[in-house]
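Subject: Handing over a structure, with notes on what was found

Dear colleague,

I am passing this structure on to you, and below it you will find my notes. Please read them with the structure open beside you.

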Amino acid sequence: MKKIITFTTIFLLTGLSAAKVDLVTLPNRDTTQLTIYNSADLTLVRDGRSLTLKEGDNKLQFSWANTLIDPTSLSMLPKRDADKIDIADLTFPPRVQNLGLWTIDSQIGGSVPIEISYLTSGLSWRAFYMGTLTEDEKTMRLQGYVVVSNNSGEDYENAQTRLIVGQVHLLDQIAELARQQYPYGRPGQVPPPSPRSAPVRRAAGSEVMDGFVVMEAAIPMKKEIKKEGLSEYFLYTIEGTETIPNTWSKRLPSFDTDDIPVVNLYKFEEDRYGPAVIRYLSFKNDDEHELGETPIPGGMLKVYRTVDNARHLSYEGQSNFKYIPVGEEVELNLGAVSDVIVEPKLMDEKTDNYRFDNHGNVNGWDEIRTFELAIKNTRNLPVKIEIKRNFRPHTWTIKNIGEAKKYYEKVDLDTVKYTLTLEPESEQTIEYELTTYQGTRTEDWDRMQKQ
Amino acid sequence: MKTKTILTSMLLFATLASVARARTKLVALPERDATIIRLDNPNATLIEEERVLTLQKGLNKVDFSWNAVSIDSDSIRLTVLDHPEQVKLLNVSYPPGEPALVWEIASDGDYAETVRISYLLSNIDRLVTYKAIADKAETQLDLKSYLVLRNFSGEDFDKARVLLDYGEAFEQGIDHEETKQMLFFKAPQVPITKVWTWDSATLPWDPEQLERQNIGIPVSYRILNDKDSRLGEFALSAGKARLFQDDGHDSTIFLGEDVTTLVPVGQKTELYIGDSRDIVVTQRKMKDARINLRKNDSGTIVLFDTDELITAKIENFKDTPATLTMIQHIPGQWEMKKCTMDGKKAQYTRKDAFTLEFEVQLPARNDDGPAVKELQMQYSRINVKP
């Protein structure tokens with residue numbers, strides 16, 4: 001297996017190193033800006049170049065063999081004298097692939113700065129996180145990282161690198177547009193299906209690139225990442241420029257926040273998780289939690305805990321969490337635990353209130369069950385626990401016994417919730433009586449709802 | 001060059017008796033003159049070309065054939081331009097097994113007669129695409145529309161007048177297998193309305209149930225094709241639109257893309273750009289009971305009404321206000337009993353018998369957290385059969 005990957009790496013390196021984006025009558029790029037998306041395999045590239053124009057018609061050839069550029073996105077913009085320079089048309093000539101020819105009608109001669117922009121596939125980024133809990137699990141240090149990967153077939157040197165957080169709507173995959181024989185297809189061709197909600201596949205070879213991540217991680221550079229909101233997106237601009245050769249990845253620290261107050265939250269819901277108690281780590285993306293400046297992009301969080309004064313760590317689990325808007329509460333699922341236990345027990349079962357039809361057959365009754373929820377916290381820390389119970393059919397009434405009343409909340413027509421905090425190494429019991437109405441007794445239940 | 005010169009050098013091929021793969025021959029005429037490519041019908045492209053026929057007095061046979069191009073033979077028309085009274089097309093015959101036809105033309109004298117040949121040619125068409133850059137505040141956009149000519153007809157057009165459904169005709173040559181993209185029109189500062197839409201029929205009700213996945217609320221830009229929007233002169237063609245936004249740093253970000261259908265003058269289009277994860281809707285059914293039970297003689301319920309309660313919590317985590325369009329559905333015959341937003345009577349528009357639309361004004365989030373609104377709908381479905 002390892003041999004195959006090695007082979008692929010070599011193949012990628014040699015096979016794609018011939019890739020080149022070139023505008024024949026132009027010097028190389030002066031500036032490059034990459035705006036990389038993570039919800040889709042998409043990057044907006046902006047190349048600044050100096051163009052020497054003559055008065056009148058100018059033809060410019062741009063070719064992009066072995067890259068993943070979408071030719072329909074190619075655009076040229078004069079950055080000066082825009083009123084005197086007319087980009088008349090862009091022709092994709094017959095029987096030549098990966099080549100475009102611009103006709104530029106200029107009223108002036110000489111050097112003109114221009115910008116060529118296009119969308120490409122093959123560059124991607126992702127976020128990942130490391131959380132370190134204090135020994136008492138009251139606070140956590142959260143470190144965010146971004147990993148930028150280039151598999152586009154093109155080396156990007158000294159590029160201003162920007163990352164977009166957000167869900168962009170795409171009709172066509174850029175990689176597919178890049179592979180089309182004719183940029184806009186042929187008349188009568190069936191367009192590719194519109195992937196309204198299709199999951200986005202990462203560019204092939206990302207496994208290979210992960211190998212580089214580890215290598216790169218050894219030499220991290222401390223750079224600021226500027227964050228700002230635009231439309232429904234967040235734009236992260238990495239300070240300075242980055243050089244990312246084709247097939248390489250780069251890891252950069254995004255933020256590092258200490259002392260985030262966290263809540264150890266445990267959840268129990270048989271319909272959803274089965275008999276196990278699930279551990280969650282909960283905090284809010286706001287000021288009080290030393291966060292809240294920007295949303296937190298989704299990614300994998302690995303949680304550790306400091307176990308002694310020598311700063312040794314234990315691994316607590318990991319959670320793949322979703323995008324967290326500013327002000328929203330996060331609940332990170334760390335998986336099933338066995339040190340907090342919830343045992344629902346049926347303590348009593350009876351039927352009552354029978355109804356009979358004209359033939360003397362039973363057509364309505366009540367089923368009355370008493371449940372006890374035995375809750376045990378075996379940890380040496382206090383825990384908050386949330387227990388949800390689902391009742392079907394939805395024709396039910398509940399009688400909470402004793403303490404249960406304090407913790408009770410109705411969630412919706414077939415769900416209730418008990419929320420309580422348990423002291424370290426303690427036990428508690430919740431007791432309730434559930435009556436479900438069957439057959440014609442549901443009519444009586446309906447009547448009761450009116451009151 | 002392999003498929004060049006199909007219609008253009010017909011005579012040449014005919015006289016040289018060349019066995020070209022692609023040919024069209026027409027006796028006794030040199031080159032075509034004015035050629036028009038009419039792209040005003042999105043389903044078919046009409047070519048009109050003028051040629052000068054050297055006609056002799058009496059009966060003339062003119063052979064018109066086409067190879068390697070796809071012409072609808074029933075669409076071919078011949079129009080006599082100089083002497084319509086003296087020159088008459090008598091009949092058209094189709095030689096067997098050949099993409100060709102022969103015109104029999106009667107002429108009462110010797111004329112160098114200009115005729116117009118028109119036909120529907122396949123595999124040549126146009127697309128319209130849009131590129132727009134929205135301002136940072138998302139109140140307006142600079143709209144550019146591009147025309148993309150695609151010629152895969154088998155025929156090269158050195159020079160032709162291209163005609164669209166609107167605007168001036170323009171001169172443009174296009175070779176076989178060539179694609180040409182050109183600016184079609186510019187409309188600066190077109191006002192837009194940003195719309196967020198939550199539809200109870202298509203989006204999940206409880207985000208908490210999807211703990212590792214966000215529910216994206218579709219975001220669209222609404223554009224009106226009218227004078228106030230600096231548009232409205234002609235219908236906007238159907239096509240793909242790519243939207244960008246000015247980022248305030250002399251650059252742009254890509255917002256998203258969508259296709260628009262044809263937008264007639266006075267009508268609107270909505271371009272879906274992406275999903276917002278900063279507005280969160282949690283909808284729950286809190287009550288579903290039967291009332292007004294009606295029974296048959298055996299005591300079985302045959303008809304009833306319902307008493308239902310739906311609550312929807314809407315949270316705006318954005319630092320800007322937003323207007324959410326919320327769509328609710330109630331099937332069958334129904335009656336709203338009580339409908340409130342934050343305890344006050346809520347207004348809705350009945351879009352059709354079973355669809356209700358609410359416009360929810362959401363303020364920006366503040367230091368305490370998201371702006372929260374709560375919708376409550378208490379309604380009865382009436383005369384429900386079990």
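In the contact between the two chains, where contact means heavy atoms within 4.5 Å, 74 residues come from chain A and 79 residues from chain B. Please keep in mind that this is a predicted model, in which local features need pLDDT of at least 70 and side-chain atom pairs count only at pLDDT 80 or more, while totals for chains, interfaces and linings use all residues. Residues are numbered from 1 along each chain as its sequence is written, chains are lettered from A and ligands numbered from 1 in the order in which they are written, and side-chain values use heavy atoms, with hydrogens and water left out.

The interface

The size of an interface is often given as the accessible area lost when the parts come together. Here chain A and chain B bury about 6600 Å² between them, 45% of it on carbon and sulfur atoms; buried area is the accessible area (1.4 Å probe) that two parts lose on being put together, summed over both. Of the area that chain A buries against chain B, 12% is supplied by A:Gln167, A:Tyr184 and A:Glu232, more than by any other three residues.

Across this interface there are 43 residue pairs in polar contact, both residues being at pLDDT 80 or more (a polar contact is a pair of N or O atoms within 3.5 Å; within protein, one must be able to donate a hydrogen and the other to accept it, and residues adjacent in sequence count only if both atoms are side-chain atoms). Between chain A and chain B there are also 11 salt bridges, a salt bridge being a side-chain nitrogen of Lys or Arg within 4 Å of a carboxyl oxygen of Asp or Glu. One of the salt bridges joins A:Glu443 to B:Lys295, with the closest N and O atoms 2.6 Å apart. On the side of chain A that touches chain B, helix H6 (residues 441-450) of chain A gives the most, with 6 residues; helices (H or I, at least four residues) and strands (E, at least two) are DSSP runs, numbered from the N terminus.

Salt bridges around B:Lys194

Over all chains, a search of the whole structure finds 59 salt bridges. In one of them B:Lys194 meets A:Glu232 at 2.7 Å, N to O, and this pair crosses between chains, from strand E13 (residues 193-199) of chain B to the loop between strand E13 (225-230) and strand E14 (233-238) of chain A. Is B:Lys194 buried or exposed? B:Lys194 is buried, with a relative accessible area of 13%, and A:Glu232 is buried at 5%, where buried means under 20% relative accessible area, exposed over 50% and partly exposed in between (1.4 Å probe, protein chains only).

The side chain of B:Lys194 also meets that of B:Glu138 in a salt bridge (2.8 Å, N to O). B:Glu138 lies in the loop between strand E8 (124-134) and strand E9 (140-151) of chain B, so this pair ties together parts that are 56 residues apart in sequence.

A residue in a loop

A:Lys84 is found in the loop between strand E5 (69-78) and strand E6 (85-92) of chain A, and counts as partly exposed at 31% relative accessibility. Leaving aside residues up to four places away in sequence, A:Lys84 touches A:Asp105, A:Ser106, A:Gln107 and A:Ile108.

With best regards
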